[in-house]
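Here is the note you asked for. Please read it with the model open.

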Amino acid sequence: MGSRILKLLAEDDRVALIHCVALREHTDNSPRTLSIESPKLRLLHAGDFSQPRLGLEQRELDTLAKTAGLIVHSGANRSFWNYFDNLRGPNVESTKTLVDMASTHGIPIHFISSEGVHLLSGNTDACIYPTESVVAFPPPTDGSNGYTASKWVS
């Protein structure tokens with residue numbers, strides 16, 4: 001989904017500049033490449049959602065906070081086999097960092113979650129999700145189903 005959002009942002013005339021944050025390398029010594037090319041993609045920030053401050057230096061995070069007009073958070077560790085404790089850093093702490101940045105500087109934030117959190121409510125119809133909170137349908141507390149749990153917490 002992130003690559004589709006990136007493409008739409010790059011094609012939108014209202015968007016002047018796109019920062020891509022916390023880009024991990026695919027393999028050792030092989031930098032990550034993006035699915036599109038655009039002159040709007042001039043600022044690619046290496047990092048990792050599992051690290052404090054998304055793996056960015058504090059001054060780099062501060063600069064982003066002062067210049068960003070919108071945050072779209074669609075990144076996550078999508079390991080469906082890991083327990084919650086393994087995914088807390090990359091999926092929950094990264095969201096907290098971005099929400100803190102957004103709230104401190106008045107930046108709108110769009111958080112892209114997983115439709116899996118709606119399945120916790122017992123609704124198995126993938127096409128019809130209610131426009132209500134899933135707070136009443138928490139994930140298991142034994143750490144299992146870590147990905148869905150981390151997205152629910154976020």
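This is a predicted model: local features need pLDDT of at least 70, side-chain atom pairs count only at pLDDT 80 or more; totals for chains, interfaces and linings use all residues.

1. Start with Asn 91, which sits in helix α3, the helix spanning residues 84-105.

2. What surrounds Asn 91, leaving aside its neighbours within four places in sequence? Asn 91 is in contact with Ala 76, Asn 77, Tyr 147, Ser 150 and Ser 154. For Asn 77 there is also a polar pairing: a polar atom of the Asn 91 side chain lies 2.7 Å from the backbone nitrogen of Asn 77.

3. Turning to charged groups, side chains of opposite charge can pair when their charged atoms come close. The structure has four salt bridges. One of them joins the side chains of Arg 14 and Asp 12, at 2.7 Å from N to O. Arg 14 has a relative accessible area of 75% and is exposed.

4. Helix α3 holds the pair Asp 85 and Arg 88, three residues apart, or about one turn of the helix. Their side chains form a salt bridge with an N to O distance of 2.8 Å. Asp 85 is exposed at 59% relative accessibility, while Arg 88 is partly exposed at 36%.

5. Lys 96 and Glu 93 also meet in a salt bridge through their side chains, at 3.5 Å from N to O. Because they are three residues apart in helix α3, about one helical turn separates them. Glu 93 is partly exposed, with 34% relative accessibility.

Definitions and conventions:
Residues are numbered from 1 along each chain as its sequence is written. Side-chain values use heavy atoms; hydrogens and water are left out. Helices (H or I, at least four residues) and strands (E, at least two) are DSSP runs, numbered from the N terminus. A polar contact is a pair of N or O atoms within 3.5 Å; within protein, one must be able to donate a hydrogen and the other to accept it, and residues adjacent in sequence count only if both atoms are side-chain atoms. Contact means heavy atoms within 4.5 Å. Buried means under 20% relative accessible area, exposed over 50%, partly exposed in between (1.4 Å probe, protein chains only).
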